[in-house]
Amino acid sequence: MRKTLLIIKREYFSRVRKKSFLIMTFLVPLLFMGMTALVAYLTHTGGDAVTVVNVIDESGELLPQLKNSKGLIFLPTSENLGQAKVTARKKESFVLYIPDSITATQKVQLVSEKKAPMYVLTDIENQLNNVVRFKLLKEAGIDINTLESIKPNIKIEYKELTDEGEKNTNTTAAYAISFSAAILIYLCLFIYGSQVMRGIIEEKTSRIVEVVISSVKPFQLMLGKILGIGLVGLTQFLLWIILSSLATKITSNNLLPYNVLGALQTIPLGFILTTFLIYFLGGYLLYSALFAAVGSAVDNETETQQFMFPITLPLLFTYIMAFSFIVNNPNSTLSFWLSMIPFTSPIAMMVRIPFGVPDWQLYLSVSLLIAGFIFTTWVAARIYRVGILMYGKKTSYRELVKWFMYKE
Amino acid sequence: MLRIENIVKQYADHRALDNVSLEVERGCIFGLLGPNGAGKTSLIRIINQITAPDEGSVYINNERLNPSHITKIGYLPEERGLYKKMEIGEQMIYLAQLKGLSKKSALEQCNYWFEKMEMQSWWKKKVEDLSKGMQQKVQFVATVIHQPELIILDEPFSGFDPINAEVIKNEILELNKKGATIIFSTHRMESVEQLCDSIALINKSKKILDGRLKDIRNSYRSNTFAIEYCGGRFDVAENTHFDVISTRKLDEAEEITIKLKENVKVNDALQYLIPLVQINQLTEVVPTINDIFIEQVKGINHA
């Protein structure tokens, strides 16, 4: 036990003290937020490129009503369509031709040498639609001001019937958090699982393993490595949660258009977080044991391919199913089974949770997951103890079975 | 100190150890000899409790092998290895702690050995920054840092340059003098011949010979001598003392290898030779372990 603790400590601190850990911990959330902000900014402005549209307005009354935005500027031109096309070609600008007959034909022409960005097209369409609509409304004798002043804005106040009575819920936020939890589990199973695998391959190729297992049992070494790296994962999550909640607090006050914090308060954040940690840990223990077995069976990382495939397959399958099938049919039989089978439940259950999962299913799923990782750890340990001492042989599945059958 | 009784280790399709028994006395230097693949490493792994035997038992200090013995054994595997990215000082303390030392005594031992081996300046270095010879030194320290009673060295001198090999050899002898029992395992028998008190020969998973080196050698003495002389040839055919096995021309002398006839002392042979030639030196031809091994293996194969 003392020795397992020593191993856990070494695995943990040798990773946490690395620069890459700090970078991952602080940079990933920053990058993530930065990316979201950038995407939002870019879609909003269309980047830094300004598109100039020369407008030939035959009626002369529509152009003044078109509004310029940051990325889109409307300019009048005195040229006729033919001339304007030549200039457009030379100056790489756009020409918008609004014929007099627009209200009847509902058609305008936009010509340019380059392909027009999507936002330019939608922006012009929207603006023209509005302008023409107002014009037609006016002609039909409707008072625009009255029309403008009547603007109903209906919001669904959704209440969930629970044991504690009616509860306010913000389903969108709950979905978002659960789904990101599922994605995070999927990614982290790979990230930390392959860290376990690489750690074992490193010990094997550097031959330190024989020194270590003359002091501790192979199982202790394997367990120490798995738990140590698992703790690294939890530390990282903890820091991410702290950092991102700080960040949300700051950004939601200034930047975000709607009340994120308010939305967050309506969902059972603690519950989702707890299930996330349970399913991450369970899934991690289950899969990292398999990764450990693979690591022990090979001499270098390139040989892992043939064994990795059957490990990644159930994960990939659930991941795809989660966002195509389970989301739409959270209570179907298939979704139920996917959230019970230990190999798929960490992802499948996280996706089902915002739709409401009966308690007994949760308990059953978690118990099966625990049984699952005890089983895989047992299998992996039997392969591992033999594998780490086998050098220079290409391993086959038959070999693995043989190792598994060896007596102590 | 160490007693091994009827060990059998079977891997799926091959028997690594077949009914091997041997005994290592406390305080001796023991040579576990045999060609590659004979089963030496399998035996060592059993002693280290890395694997367990299928049959038979191992006793240390008359106690059946159990986890408490791990702290009493120091093991230098044939395939050397350390964590490449870990600082050496930290790594030594870690390995010593795994062997059961407290953090404090691990640190003390580290300081002692680093000073002794003149590697204080390596404390903060990483293994990958050291030369191969330096790594071997570190590895040796890792083997003995917990003051083991039994030190098992698998191919100890492979990979060492002659100077470092000498350093390590002296350290081993010093540890032996302080009471540690040493087991050398090697296929290069000549490399440990002068060091060992006792040996065991293993070939094809069976022990074929063991005992005190002196006794073994004596039993293989065959009254054969090599004599170096100068002063020209002489007719060897007509003597009653010995048979000539071979003659050889050296740079400035001749060498003759003789085998004494029954009940003839070497002095008789010398008395016969002295009037004939000028004798430079006489040495008894004792078979090396290598010769004995080859003879044994041949004998087994013929039988």
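**Sheet in chain B**

I started with an open sheet of four strands in chain B, ordered β12-β13-β11-β14, with antiparallel pairing. I noted that this is a predicted model. I looked for the edges next: they are β12 (242–249) and β14 (278–284) of chain B, each pairing on one side only. From one strand to the next, the twist averages 25°.

I then checked what packs on the sheet. Helix α7 (residues 266–273) of chain B does, and it touches β11, β12, β13 (254–260) and β14 of chain B. The direction of α7 makes about 140° with that of β13(B).

I also took one strand pair by itself. Strand β11 (residues 224–230) of chain B pairs with β14(B) over six bridges, in the antiparallel sense. Across from B:Tyr229 I found B:Ile279, in β14(B).

I went through the backbone angles with one rule in mind. Most residues other than glycine have a negative phi. I wrote down two residues that go the other way.

B:Asn6 is not a glycine, yet its phi is positive, about 50°. I placed B:Asn6 in strand β1 (residues 2–11) of chain B.

B:Gln49 has a positive phi near 60°, and it is not a glycine either. I found B:Gln49 in the loop between α1 (40–47) and β4 (55–60) of chain B. The cut-off for buried is 20 or more.

**Helix α12 of chain A**

I moved to chain A and traced helix α12 (residues 305–326), which has 22 residues. From first C-alpha to last, α12 reaches 29 Å, close to the 32 Å expected at 1.5 Å a residue. Where does the kink in α12(A) lie? I located it at A:Thr312, shortly before the proline A:Pro314, with an angle of about 35°.

I listed buried positions in α12(A) as well. They are A:Ile311, A:Leu315, A:Thr318, A:Tyr319, A:Ala322 and A:Ile326.

**Contact between the chains**

Last, I looked up where the two chains meet. I have 21 residues of chain B in contact with 17 residues of chain A. Which helix gives the most to the side of chain B that touches chain A? I found helix α2 (residues 88–98) of chain B, with four residues. I sorted this side of chain B by class: 13 nonpolar, three polar and five charged residues.

Methods:
Residues numbered from 1 in each chain as written. Chains lettered and ligands numbered in written order. Predicted model: local features only at pLDDT ≥ 70, side-chain atom pairs only at ≥ 80, totals over all residues. Helix = DSSP H or I, 4+ residues; strand = E, 2+ residues; numbered from the N terminus. Expected span 1.5 Å × (residues − 1). Bend = angle between axes of the 7 residues up to and from the residue. Buried ≥ 20, exposed ≤ 12 C-beta atoms within 10 Å, placed from the backbone. Contact = placed C-beta atoms within 7 Å. Nonpolar A, V, L, I, M, F, W, Y, C, P; charged D, E, K, R; others polar. Pairing = 2+ DSSP bridges. Axes fitted to C-alpha atoms, helices over the stretch in contact; angles between N-to-C directions.
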